[in-house]
Amino acid sequence: MNKVVLVTGANSGIGLALCERLLCQDTEGLQLCLACRNMHRGQAARSALLTSHPEAQVALLQMDTSSISSVISAAREVRLRYNQLDYLYLNAGIMPNPRFDVKAFFKGLFSSNVITMFATGEGILTQTDGVTADGLQEVFATNLFGHFLLIRELEPVLCHADQTSHVIWTSSSNAHRSAFNVEDIQHLRGIQPYSSSKYASDLLSLALNTRYNQQGLYSSVICPGFVMTSLTYSILPSFPAFLWTLLMPLFWLIRLFTNTFTLTPYNGAEALFWLFEQNPESLNPHVKYHSLTSGLGNNYTQPRKMDIDLETSESLYEKLLQLESEVKKKLEEKLK
Ligand SMILES: NC(=O)c1ccc[n+]([C@@H]2O[C@H](COP(=O)([O-])OP(=O)(O)OC[C@H]3O[C@@H](n4cnc5c(N)ncnc54)[C@H](OP(=O)(O)O)[C@@H]3O)[C@@H](O)[C@H]2O)c1
C-alpha cells in the first residue's frame, strides 16, 4: 500500500529537505503531495525531486495557508485525489519583518540565560504582523489557523477507525508561554506573533490528540533547531547570504555548546523524518521532538517536555472552532 504524505511549505528549506529525505528512503511506496502557495516555486521543487528520484510519485497542490478560501478549495482537491492521508506535515510558516533586539542580545550575552537565548532566540526577536484579506492576523493565519482549518476539512481522509494518520507540526523552541494569551489568540496586542503562533501549535497538537485519537488521528510537534533557510536570512535582511556563510565556522563552534544549531535543512528535518518511522500511538502528546546535531555533526531526535496544559489547550481549541464558524459564515455570505 502506498503511503500518502502531504507537506505544506514543501518548496524550500526544511519542508523540501524532508521530501528529499523521504524519497531517499522509499520512492516506491510513497505518494508525495507538495502543498505550495506559489506554483512556480512548487514546480521547481517538484522538478528537483524528480531529477534525483525519476520514478517517484510527486504531485503539486496550490494552497495558501493564510487564505481561508484557498485552504478550503485545496482540501476539497485532496479529498478528491486521495481516500486516505497517512501523514500531514504542517510545515509552512512565516516570521515577517523580524527585528533583532540588539540591546536584549547584549543583555542576554552577559546573563545566566545566554545558552537559552542562543538556543531558542528568547527575548531577542520581535516582528511586525500584517492582516490577511480575510481580516486575520497574518502570522496566526499562516502558521496556525490555516493548518487548523485544513485538518478540519480533511477529516474524511484523516480519520479512519482501522488505520492511523499522523499530523506533524513544525513548531519551534521559540514557542514561549509568555508570548501567548488565550484571550488574544491572534496576538493582536503583542510584538511576538511568531512565538505566539508556535506556542499555539503546541497547545493545538495536544487538543487534537485529546479529541481525535479515538478516530485514528494523532498529532505531534517538532522543533527543527536553528536552520539556515530564507526564514533565518530574513532576520537580518541587510545581511547578504554570503556573510551568513562566512559565519558558519562560528556557528559550528557554538554547536559544541548547544546541539540545537542543526544549521542545514537536512539536519533540521531530522525529527520530521524520525516521526515518519514511528508508530504514532506510541508517542507522548506532551513532548516536542527536537532535531539535534552534535558537535561532531551527528543527527538525532530528542523528546523534551512542553510547557503546556490541557485546560489552555481546550480553551484554544474552543476559540478556534468559534473562529472557524465565523470565517465560514463570512465566506458563505460573500459567495451569495
Ligand atoms: N529555520 C529555522 O531556524 C526554524 C526554526 C524553528 C522553526 N522553523 C519553522 O520551520 C518551518 C519551515 O521554515 P524554513 O526555515 O524551512 O523556512 P522557508 O525556507 O522560508 O520555508 C517556509 C515555507 O513555508 C511556505 N509558506 C510561507 N507562507 C505560506 C503560505 N501563506 N501558504 C503556503 N505556504 C507558505 C514558504 O513558501 P514560499 O517559498 O512561497 O515563501 C516555504 O515553502 C516554518 O514553520 C518555520 O517557522 C524554522
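Tutor: Let's start with a term: two residues are in contact if their C-beta atoms, placed from the backbone, lie within 7 Å. This is a predicted model, where local features need pLDDT of at least 70 and side-chain atom pairs count only at pLDDT 80 or more, while totals for chains, interfaces and linings use all residues. Residues are numbered from 1 along each chain as its sequence is written.

Student: Thanks! Which residues in α8 meet α14?

Tutor: Helices (H or I, at least four residues) and strands (E, at least two) are DSSP runs numbered from the N terminus. Helix α8 covers residues 193–212. On the α14 side you will find L310, T312, S313, E314, L316 and Y317. Facing them in α8 are A200, L203, L204, L206 and A207.

Student: How are α8 and α14 oriented to each other?

Tutor: Axes are lines fitted to C-alpha atoms, for helices over the stretch in contact, and angles run from 0 to 180 degrees between N-to-C directions. The axes here are 8 Å apart, at an angle of about 95 degrees. Angles under 35 degrees count as roughly parallel, over 145 as roughly antiparallel, 65 to 115 as roughly perpendicular and the rest as oblique. The two helices, α8 and α14, are therefore roughly perpendicular.

Student: Which residues of α6 make the contact with α14?

Tutor: Helix α6 (residues 138–153) packs on α14 (residues 310–335) at about 80 degrees, with axes 11 Å apart. From α14 come L320, L323 and E324. From α6 come F145, F148, L149 and R152.

Student: Which strands stand at the edges of the sheet?

Tutor: Two strands pair if DSSP finds at least two bridges between them. The open, mixed sheet has eight strands, in the order β3-β2-β1-β4-β7-β8-β9-β10. Each edge strand has a single partner, so one side of it is left without a neighbour; these strands are β3 (57–62) and β10 (299–305).

Student: How many charged residues are in the shell around the ligand?

Tutor: The shell has 29 residues, the closest being G9, G13, G93, T229 and L231. Ala, Val, Leu, Ile, Met, Phe, Trp, Tyr, Cys and Pro count as nonpolar, Asp, Glu, Lys and Arg as charged, and the others, Gly among them, as polar. The shell divides into 17 polar, nine nonpolar and, for charged, three.

Definitions and conventions
Near = placed C-beta within 6 Å.
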